[in-house]
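Please keep the sequence and the model in view while reading.

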Amino acid sequence: MSQRPLSLNARLLLASLLVLPLFLGLTGLVLERAFDRSLTTAAREQLQGQIYLLFSVAEMQGTGEQAQLEMPPALLEPNFERLNSGLYGYLSTRAGRTVWHSNSAQLRPELPATGEFPQPGDLLLDQIELDGQPHWRARYAVIWEDDAGQDHDYLVTLLRDQTPYRAELASFRRQLWRWLGAAALLLVIAQSASLRWGLRPLGRLARALDAMRDGSRPHLEGRHPAELQPVVDNLNQVLDREQSLRKRYRDSLSNLAHSLKTPLTVLRNQASDSAPDKEARSVIAEQVARMDQVVSYQLRRAVSEQQQGSHRQTPIQPAARRMVNTLEKVYREQAPQFELAIPDGLAFPGDEQDLLELLGNLLDNACKYGRGRIRVSAHGDSEHLHLTVEDNGPGIPEDQREQVIRRGQRLDTLQAGQGIGLAVAADIVGSYGGRLSIGESGLGGAAIAIQVPTGG
């Protein structure tokens with residue numbers, strides 16, 4: 001059995017659940033990267049300002065080879081003065097000799113390797129590991145001229161602990177994903193609500209189709225959205241055309257049947273009154289009866305076709321009791337014994353007339369060809385209704401069973417004595433997508449088993 005396809009609501013909601021996390025994830029990554037860049041830019045600008053602060057208080061002492069850039073013993077920036085504050089300053093020559101370090105770097109007076117000497121006026125910002133902790137490293141080269149006009153190259157290096165930066169970034173990341181998660185949940189709820197509202201017209205259309213299919217309404221009624229209204233109008237036009245064709249077909253067949261019945265009646269009367277001998281009258285009467293059976297069968301078949309697709313529910317037990325009461329009067333001389341094993345509440349998934357026609361043909365055959373004992377049993381499951389009619393007659397030979405119940409079998413090909421009851425019953429069952437089969441009964445005769453889909 002193939003798996004039932006997902007509903008439109010489920011498909012759209014599933015698509016949203018697939019696309020939404022991807023969209024919000026990309027949004028979160030972009031926002032996180034933008035915040036990281038903003039923190040890095042802020043750190044760069046702050047370090048650059050502190051470098052300018054150092055240059056503003058630096059003084060060149062001496063001239064020539066003895067000239068040296070000196071810093072005051074104390075700086076206005078408190079982080080340069082507090083031991084292990086996380087901000088460390090160094091002043092070194094082009095040769096790499098450290099000529100000054102801030103008081104905060106008392107425990108690490110030697111400047112870490114600075115690498116290549118940068119171009120004067122360029123601020124280089126990168127990261128290094130210091131005591132196992134990541135730090136910003138800002139390097140700025142400057143050419144300082146002494147009183148004698150001689151140039152001296154110096155390099156200012158600032159190290160700043162990244163712990164506050166990383167803590168701020170982690171806090172932003174937690175808040176970002178928390179809010180994005182809440183936004184995703186709200187969006188899913190809003191999407192689900194909007195889908196239900198948007199697809200509600202399809203539900204109304206489905207209910208209108210059910211009402212029309214059950215026979216309570218002949219057309220699809222009500223106003224629908226602009227996208228659906230042309231479909232509804234076209235369906236109503238198709239339904240009108242189909243009903244018109246069905247009525248024309250049914251009326252034509254009914255007229256044909258009734259037109260034939262009158263000549264058949266005349267032939268039957270003439271056979272009984274004018275036939276030369278008893279044997280001829282018998283032959284003519286038999287052929288006329290078979291023609292009458294053909295007409296009746298085709299008329300019943302046309303009526304049963306009109307009920308195809310009906311989704312009504314007809315209780316079986318009351319219909320069976322009505323039919324039994326009728327047949328007990330018809331076959332009063334034979335006095336058949338009926339046994340009903342039908343649970344209360346069990347229903348036939350179709351029209352009451354079809355059920356009565358079905359039971360009438362099966363029970364009538366059982367009365368005609370049985371030996372007085374008939375049993376009707378029924379039960380249902382989640383998918384099918386099972387109905388069985390058994391008798392204690394001679395049964396139906398196995399080589400004739402398929403011919404008797406074949407849908408559309410011409411009755412003039414049936415052997416005498418077979419009747420049309422099973423053919424009519426097979427047609428009715430077939431019009432509901434069911435199946436009729438013939439077997440052997442525990443009573444000794446035929447067992448006619450019917451299986452009809454319940455639509456559950």
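## Briefing on a predicted model

Strand β6 is mostly covered, since ten of its 13 residues are buried. The model is a predicted one, and its chain has nine helices and 14 strands in its secondary structure. Of the 456 residues in the chain, 38% are buried, and among the contacts between residues at least 6 apart in sequence, 61% join residues at least 24 apart.

**The five-stranded sheet**

- An open sheet is formed by five strands in the order β4-β3-β7-β6-β5, with antiparallel pairing.
- The edges of this sheet are taken by β4 (98-101) and β5 (123-130), and because each of them has a single partner strand, one side of each is left without a neighbour in the sheet.
- From one strand to the next, the twist averages 25°.

**β6 and its two partners**

- On one side, β5 and β6 run antiparallel and are joined by eight bridges; I128 has H135 in β6 as its bridge partner.
- The hairpin of β5 and β6 has two residues between the strands, and D131 in this hairpin takes a positive phi near 55°.
- Strand β6 (residues 133-145) is also joined to strand β7 (residues 151-161), through eleven bridges and again in an antiparallel arrangement.
- Within this pairing, V142 stands opposite Y154 in β7, while W144 has H152 in β7 as its bridge partner.
- The hairpin of β6 and β7 has five residues between the strands, and G149 in this hairpin takes a positive phi near 85°.

**T93 in strand β3**

- T93 belongs to strand β3, which spans residues 87-93.
- Is T93 buried or exposed? Its relative accessible area is 14%, and T93 therefore counts as buried, the cut-off for this class being under 20%.
- Once its neighbours within four places in sequence are left aside, T93 is in contact with V99, F117, D153 and Y154.
- Y154, one of these contacts of T93, is also the residue that V142 stands opposite.

**The second largest pocket**

- The second largest pocket holds about 310 Å³ of space, and of the 20 residues that line this pocket, the closest to its centre are N365, Y369, G395, I396 and L422.
- Which elements each supply at least two residues of the lining of the second largest pocket? They are α7 (352-369), β12 (384-391), α8 (398-405) and β14 (446-453).
- Helix α7 gives the most to this lining, with four residues.
- Sorted by class, the lining of the second largest pocket has eleven nonpolar, seven polar and two charged residues.
- As background, rolling a probe the size of a water molecule over the atoms shows where empty space is left.

**G439 in strand β13**

- G439 is located in strand β13, which covers residues 435-440.
- The relative accessibility of G439 is 23%, so G439 counts as partly exposed, a class that lies between the 20% limit for buried and the 50% limit for exposed.
- G439 and E390 are 49 residues apart along the chain, and their C-alpha atoms are separated by 9.2 Å.
- With neighbours within four places in sequence left aside, the residues in contact with G439 are R401, G445, A446 and A447.

**Positive phi in loops**

- N84, which is not a glycine, has a positive phi of about 55°.
- N84 lies in the loop between α2 (78-81) and β3, and because its relative accessible area is 41%, N84 is classed as partly exposed.
- A335 is likewise a residue other than glycine with a positive phi, here near 50°, and its place is in the loop between α6 (316-330) and β9 (337-341).

Methods: Residues are numbered from 1 along each chain as its sequence is written. This is a predicted model: local features need pLDDT of at least 70, side-chain atom pairs count only at pLDDT 80 or more; totals for chains, interfaces and linings use all residues. Side-chain values use heavy atoms; hydrogens and water are left out. Buried means under 20% relative accessible area, exposed over 50%, partly exposed in between (1.4 Å probe, protein chains only). Contact means heavy atoms within 4.5 Å. On a 1 Å grid over the protein atoms alone, a cavity is a set of points where a 1.4 Å probe fits but cannot get out, and a pocket is an open set with protein on both sides within 12 Å along at least five of seven lines; lining residues have an atom within 4 Å of a point. Grid points are joined across faces, edges and corners, and a volume is the space filled by probe spheres set on the points. Ala, Val, Leu, Ile, Met, Phe, Trp, Tyr, Cys and Pro count as nonpolar, Asp, Glu, Lys and Arg as charged, and the others, Gly among them, as polar. Two strands pair if DSSP finds at least two bridges between them. Axes are lines fitted to C-alpha atoms, for helices over the stretch in contact, and angles run from 0 to 180 degrees between N-to-C directions.
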